[in-house]
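Please open the structure in a viewer and keep the selection panel at hand.

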Amino acid sequence: MSPFLFWFFALLMLIFGAAVIINRNPVASALSLVVSFFGLAALFLSLDAYFIAVIQVLVYAGAIMVLFLFIIMLLDLRAEKLRKINWIASGGGIAVALALMVQIFSVVEKFPAAKQFFPPLPKPASDDVRQIGLLLFNNYTLPFQIIGIVILVATIGVIILSRRETR
Amino acid sequence: MITLEHYLMVSGMLFAIGFAGVMVRRNIIVILMALELMLNAANLSLVAFSRFHVAASGAPNYNAQVFVFFIITVAAAEVAVGLAIVVALFRLRQTTNVEDITALKF
């Protein structure tokens, strides 16, 4: 991928990611999150991970965001009333996040392998769905079944949680 | 040219943005969104490492992509349960602001 496209999609992702936490209106936050996820899907495409990019768009930008928007509309959340922002707490939170970022950067700086370029792929990775499927059903059969049970438990839990108490 | 370092830096920045969101915001739904940003930052670095480690057969290391697949699945389940809890909490307290929900505060 050309550096221009990389920086375009990386900045798109980061700017709209920041917009998620800056916007006061939850609906605007959710829509910024969609744009951020599309930028991330483009970065996945640049890494030859076509299957991951597709499920990123389908699951996150499709299903999860519809869920978020549905709940925001259901609860009828208006933009936060202009509560007094606690500047000390906000500044402290941002300072901790910045310290974390500096730490991550310094660790990545000290990682010599990261300076190398990506090795070229001899043949295009266009059959990655097949490869991931083979791996999933050969090496990761038990985790795959466990993840099925996790989803079943989550479904039952959501139904029980959202059931109206009848007294 | 773009190296692995660039992807790791962008991933770190996205993680820091999500972390700042969890620390600063007071709306539970926005906190859940910021959690999603952090999970996605981890996914990005996993996929970058998968592309970086090309096996002898000439294919990327697909183990990391299977792991990302599992993370996305668990994240979907987590969001569903989290939002159901938010709805239940909203029915009880009529608020989604974490400063109004301090029953467990020490």
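The stops below concern a predicted model, beginning with the interface of the two chains and ending with individual residues.

**The interface as a whole**

Select chain A and chain B and colour them separately. In this view, 83 residues of chain A are in contact with 72 residues of chain B. About 7200 Å² is buried between the two chains, and carbon and sulfur atoms give 78% of that area.

**Polar links across the interface**

Next, display the side chains of Arg51(B) and Asp48(A). These two residues form a salt bridge, with 2.8 Å between the closest N and O atoms. The count of salt bridges between chain B and chain A is two. Residue pairs in polar contact between the chains, both at pLDDT 80 or more, number 10.

**The side of chain B that touches chain A**

Now select residues 4-24, 28-52 and 62-93 of chain B, which are helices H1, H2 and H3; each supplies at least two residues of the side that touches chain A. Which helix provides the largest share of this side? It is H3(B), with 24 residues. By class, the side of chain B that touches chain A comprises 51 nonpolar, 14 polar and seven charged residues.

**Helix H5 of chain A**

Move to residues 128-138 of chain A, helix H5, and show Asp128(A), Ile132(A), Leu135(A) and Leu136(A), which are buried. Why do these residues lie on the same side of H5(A)? The reason is that they cover an arc of only 100° around the axis. On the other side of H5(A), select Arg130(A) and Asn138(A), which are exposed.

**Asn97(B)**

Select Asn97(B), in the segment after H3 of chain B. Is Asn97(B) buried or exposed? Asn97(B) counts as buried because its relative accessibility is 8%, and the cut-off for buried is under 20%. A polar atom of the Asn97(B) side chain lies 2.8 Å from the backbone nitrogen of Glu99(B).

**Gly157(A)**

Finally, return to helix H6 of chain A and select Gly157(A). With a relative accessibility of 25%, Gly157(A) counts as partly exposed. A distance drawn from the C-alpha atom of Gly157(A) to that of Ile72(A) spans 20 Å; the two residues are 85 residues apart along the chain.

Methods
Residues numbered from 1 in each chain as written. Chains lettered and ligands numbered in written order. Predicted model: local features only at pLDDT ≥ 70, side-chain atom pairs only at ≥ 80, totals over all residues. Heavy atoms only, no water. Contact = heavy atoms within 4.5 Å. Buried area = accessible area lost by both parts, 1.4 Å probe. Salt bridge = Lys/Arg side-chain N within 4 Å of Asp/Glu carboxyl O. Polar contact = N/O pair within 3.5 Å; in protein donor to acceptor, adjacent residues only side chain to side chain. Helix = DSSP H or I, 4+ residues; strand = E, 2+ residues; numbered from the N terminus. Nonpolar A, V, L, I, M, F, W, Y, C, P; charged D, E, K, R; others polar. Buried < 20%, exposed > 50% of the residue type's maximum accessible area, 1.4 Å probe, protein only. Arc of directions from axis to C-beta.
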